[in-house]
Amino acid sequence: MASHSTVPTALWKSLFLQHASKQEDPYMAVATVERDSQNGSSIPRVRYCGFRGFFGELKLHPSAEKQLRDENELNPLEFESDMLAFTTDTRMQKIEQFNEFDGAIEVVFWVKEVMTQWRLRGTAFVIGDDAKKSVEQTARAEIIKGLRKRPSQASTVSEWTWEKEITAYFANHSPVMRGSFKNPAPGRPLSEEPTDPNLKLGQKVTDLHDATARENFRVVVIRVHEVDRLDLTRPERASRWRTTLTDASDGVGQWEEVELWP
Ligand SMILES: Cc1cc2nc3c(=O)[nH]c(=O)nc-3n(C[C@H](O)[C@H](O)[C@H](O)COP(=O)(O)O)c2cc1C
């Protein structure tokens with residue numbers, strides 16, 4: 001794999017992780033832009049998704065780690081990044097919205113434990129499709145620009161693969177959650193019975209390569225370029241910072257932080 005990122009670790013990452021770890025199960029509101037089919041105008045859409053950590057740094061549940069190890073599918077911990085990950089179903093509307101609006105995305109977390117709001121803006125890249133497809137290859141090539149080799153791994157011969165990494169995200173879901181990728185098409189009327197008999201509610205999937213579930217399963221990776229942190233710890237003197245990545249289109253760039261009037 002060529003041309004990893006040389007962007008230094010994001011200024012905001014360690015504090016963000018410290019805050020996110022206060023939440024037992026962190027969820028984020030995910031905003032996208034949709035094209036209105038009636039008049040072509042752009043309209044906002046927002047929904048909650050589970051935050052799955054930084055891409056390349058997936059923390060596996062013990063049962064997932066065991067299954068991946070037993071099946072010889074465990075990636076070495078070779079990379080780190082400042083890119084947020086979540087999982088989704090390719091049939092959901094956000095996927096089409098990413099396609100139409102160049103991956104435009106903003107996510108927001110409210111961490112009440114530390115009275116801080118984190119808004120992270122960036123570009124979403126979707127992986128998990130057939131590696132031979134050009135859209136998949138383009139997404140992977142963009143994600144590489146945000147992946148850093150871990151220093152201790154700099155000279156090892158790589159056994160890391162995209163397929164193992166995507167499978168790890170799938171493995172990290174419970175069998176019932178994995179089964180949700182074999183639900184009838186999300187967002188379609190209940191009156192539309194699926195023609196494919198594999199699509200049913202409430203299925204449990206143990207096979208990490210279940211063809212129907214994996215056809216729909218995707219990992220979304222967000223290459224962040226702006227972070228807005230609002231700290232409401234002191235109500236009389238709220239604090240706010242904007243941290244921006246300058247010119248990072250090619251994987252190089254610098255983070256710059258400015259304190260703002262709240
Ligand atoms: C607590 C919670 C967690 C959720 N986690 C996810 C998730 O990780 N990924 C996802 O695609 N949808 C998740 N959903 C469902 C989404 O909110 C949304 O209904 C779905 O993604 C369809 O949205 P779309 O058609 O606009 O893409 C979650 C919903 C809730 C309430």
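Guide: A polar contact is a pair of N or O atoms within 3.5 Å; within protein, one must be able to donate a hydrogen and the other to accept it, and residues adjacent in sequence count only if both atoms are side-chain atoms. The model is predicted, so local features need pLDDT of at least 70 and side-chain atom pairs pLDDT 80 or more, while totals for chains, interfaces and linings use all residues. Residues are numbered from 1 along each chain as its sequence is written, and side-chain values use heavy atoms, without hydrogens and water.

Visitor: With which side chain does the side chain of Lys182 make a polar contact?

Guide: The partner is the side chain of Asp210, at 3.0 Å. Lys182 is buried, with a relative accessible area of 9% (buried means under 20%, exposed over 50%, partly exposed in between; 1.4 Å probe, protein chains only).

Visitor: How is a pair of aromatic rings described?

Guide: One gives the distance of the centres and the angle of the planes. Rings of Phe, Tyr and Trp (its six-membered ring) pair if their centres lie within 6.5 Å; planes under 30 degrees apart are stacked, over 60 edge-to-face, and the rest tilted. The whole structure holds 16 aromatic pairs. Among them, Trp12 and Trp255 are edge-to-face, 5.7 Å centre to centre with 80 degrees between the planes. Trp12 is buried at 3% relative accessible area, and Trp255 is buried at 9%.

Visitor: Which residues form one aromatic cluster?

Guide: Trp12, Phe16, Phe51, Phe54, Phe109, Trp118 and Trp255 form it.
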